[in-house]
Amino acid sequence: MNRNRLRIQHHSSPRRRLFSSTQSCRSSLFRFSQLSPRQSAELEDELLNRLNNKISNHSDQRLIDPIIGKSLTRNGLDWIRSVSIPSSFDKGEENVITVNLQPPTMLHPKLQEISSNITQVVQEEMVTLLSNKHTLQPYDIDVSVRITPQKYQTTTSNKYNEKTPQSSSFALQNITHFIAVYSCKGGVGKSTIAANLAYQLSAMGGRVGLLDLDVYGPSLPLLVQPDDPTVRKGGVQEGMVEPIVHNGVKLMSLGFVSPNSGVPGSGPNGGAAVLRGPMAGRVVSQLLKGTNWGAVAVSTPSALSWADVRKGVEMFGELGVSTLALVENFAYFVCEGGGRHYPFGKARTLAAGDDDGSNDTSDAHMQQHHHYFMPKSSHVFHLPISETVSGSNESGKPFCCDKGNSNAKEEWAVFSKLADAVSTDLLLLQHNMMPASMQGQQGNSSTAMVVTIDEVEDSTFDVPFTQLDIDNSHKRFTVRLFCNEGGYQKIISGADLRSRNPKTGEVEDDSSSHSGEREGKTAQQGCGGGGHRDDRGSSQPSVMVHHHSSDCADNSNEKDNLFPAKLSKKGKYGYEVEWADGATIIYSLLAIAKAAGGKPLEFESTQE
């Protein structure tokens, strides 16, 4: 039986945690005051070397991150930055070994498990290191794991874009992830889900902001009623305002802005804002330009709601935005007798891989059409009709902020599991890996985020940063790929690009590449450019390799029908090409990268 007990201490700063193992049955621990400073330093070096060697030899899975599947030590994620062992010089200090762990975010649902594993390994290694002079047991060694996040890194925009104080990328440069809560249908509970998800993610350790983007009828001020709802001017940049902070979550909504501001619809009691398209676009453009998104869909079990939410799932998917989870709100209610009742019918979910025919198939064609982008069944959550949640909305105190709601166990379980699933996927995306919500899906083999090039050894190129330019005078395209070491450029012919599947990038035969299904506005399914990558800090590539494909000869008869062509960027997904023969095709960034010779490195899957 393990005689260690995990003690969790939460410091005043939400950005730091301390997990420590302490003895529960013994009255004395090993006293590090017996060690000289030199002995202490030698033990620190030897302990770090042992931790690194353990994982290098694959001898201890406890030092593997359970979500990412990579080593926590120097040769992997490099999160274990240092260890500190007290000595006789450290008078008055705690008699404890301190391990400094620096993950990229505190929003990691397995931090406690990781800390417990590190503690066990360190205790065992210290027993071995001290065995020549002392007879000890692991519980004789007190270990603390101090967790602080790594320094903020920009991930909101292309690292080669200019960032000025007036640009949206500058304003958003310290934000790692963006989550859109959507439904394409009114009245299904988007605001309730968004608010409670935000507070639950914050409680897990995340730095979270909640923005109400409804410029026509903002509801956030009704759901969350802070003690001080005043919106004040920001001190960093002219024209900016400070968000309202409530229970650790930063809030902003048009409804919080003073009704005297002159902004239509502002203030908690403001009427519907009548905004023309360009004005509404300016209100939200700061968030939409150059940012990477994940999404959570909200629906009810009704067929009408599902018809709309499926369209939304497909729309986000085609723009390279993964729907990480789907919440089926008002799914059922529990009567006084304890039975469950389904007033809108049982779950209609057809998630990826759910092909057993057990779901409602009345709209099977639509289900199949949206199948690629649906999160799998483990990432679909069913929230009951709840008097407690409704009461929280009416009171202006979100359900997840009120610990007095702990008796509503089913509601708590849904929001807790939803936050765990979303945070897990965000972590995977941040490390360029397939989100768990997509693992096991059919048709997702084209979702790699990095590629290799035969001509450039020992380099991987980021698919989300792929660029495509057109040269109508020479009837060809230029593809640019970027990596840590620099860049790679290749010229490809129109015929080469046209011959490829616009989603996967695979070369198709002549009959399929020019078939009628390509004609007209065709938004191909796929997810080639929705990845989240860390800003590497490089403004320009240091090395540029140029390469011309061999099929760009000007005597190609086929490409005479393809040019002049028009090119336009399609969000984070890829590029739309309007060919001269009348076909309009949207190519994923992955398809473009493969046309330049890129060979995908598939997402790494993890075990749930």
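Asp 60 is a buried residue, because its relative accessible area of 6% falls under the 20% limit for that class. The model described here is predicted. Asp 60 sits in the loop that connects helix H1 (37–56) with strand E3 (80–84). Its side chain makes a polar contact of 2.7 Å with the side chain of Arg 62.

The loop between H1 and E3 also contains Asp 78. Asp 78 has a positive phi of about 60°, although it is not a glycine. Most residues other than glycine have a negative phi. With a relative accessibility of 31%, Asp 78 is partly exposed, whereas Asp 60 is buried.

The structure holds 14 salt bridges.

| Salt bridge | N to O distance |
|---|---|
| Glu 46 and Arg 50 | 3.5 Å |
| Glu 125 and Arg 50 | 2.8 Å |
| Arg 232 and Asp 228 | 3.0 Å |

Salt bridges with shared partners bring Glu 46, Arg 50 and Glu 125 together in one network. Within it, Glu 46 and Arg 50 both belong to helix H1 and stand four residues apart, about one turn of the helix. Glu 46 is partly exposed at 33% relative accessibility, and Arg 50 is partly exposed at 27%. Glu 125 is buried, because its 7% relative accessibility is under 20%.

In the salt bridge of Arg 232 with Asp 228, Arg 232 is partly exposed at 46% relative accessibility. Asp 228 is also partly exposed, with a relative accessible area of 37%.

**The sheet of E7, E11 and E10**

Three strands make an open sheet with mixed pairing, in the order E7-E11-E10. Strand E7 (208–212) and strand E10 (244–246) are at the edges; each has a single partner strand, so one side of each lacks a neighbour in the sheet. From one strand to the next, the twist averages 30°.

E7 and strand E11 (residues 249–253) are parallel and pair over five bridges. Gly 209 has Lys 250 in E11 as its bridge partner. E10 and E11 run antiparallel and are joined by three bridges, and here the bridge partner of Ile 244 is Leu 251 in E11. E11 is mostly covered, with four of its five residues buried. The hairpin of E10 and E11 has two residues between the strands, and Asn 247 in this hairpin takes a positive phi near 50°.

**The sheet of E18, E17 and E27**

A further open sheet of three strands has the order E18-E17-E27 and antiparallel pairing. Its edges are strand E18 (456–462) and strand E27 (599–601); each of these has a single partner strand, so one side of each is without a neighbour in the sheet. Neighbouring strands are turned by 35° against each other on average, direction ignored. Strand E17 (residues 450–453) pairs with E18 in the antiparallel sense over three bridges. Ile 453 has Val 456 in E18 as its bridge partner.

Phe 333, Phe 344 and Ile 385 make a nonpolar surface patch of about 250 Å². Phe 333 belongs to strand E14 (residues 333–334) and is partly exposed, at 33% relative accessibility.

The loop between strand E13 (322–328) and E14 contains Phe 330. Phe 330 has a positive phi of about 55°, although it is not a glycine. Its relative accessible area of 28% makes Phe 330 partly exposed.

Where does a cis peptide bond occur? Such a bond joins Phe 563 and Pro 564, with omega at about 5°. Most peptide bonds are trans. Pro 564 lies in the loop between strand E23 (544–548) and strand E24 (566–570).

Definitions and conventions:
Residues numbered from 1 in each chain as written. Predicted model: local features only at pLDDT ≥ 70, side-chain atom pairs only at ≥ 80, totals over all residues. Heavy atoms only, no water. Buried < 20%, exposed > 50% of the residue type's maximum accessible area, 1.4 Å probe, protein only. Polar contact = N/O pair within 3.5 Å; in protein donor to acceptor, adjacent residues only side chain to side chain. Patch = residues over 30% accessible without salt bridge, like charges linked within 9 Å, V, L, I, M, F, W, Y side chains within 5 Å. Areas by Shrake-Rupley, 256 points an atom, 1.4 Å probe, with all protein chains shown as cover. Salt bridge = Lys/Arg side-chain N within 4 Å of Asp/Glu carboxyl O. Pairing = 2+ DSSP bridges. Axes fitted to C-alpha atoms, helices over the stretch in contact; angles between N-to-C directions.
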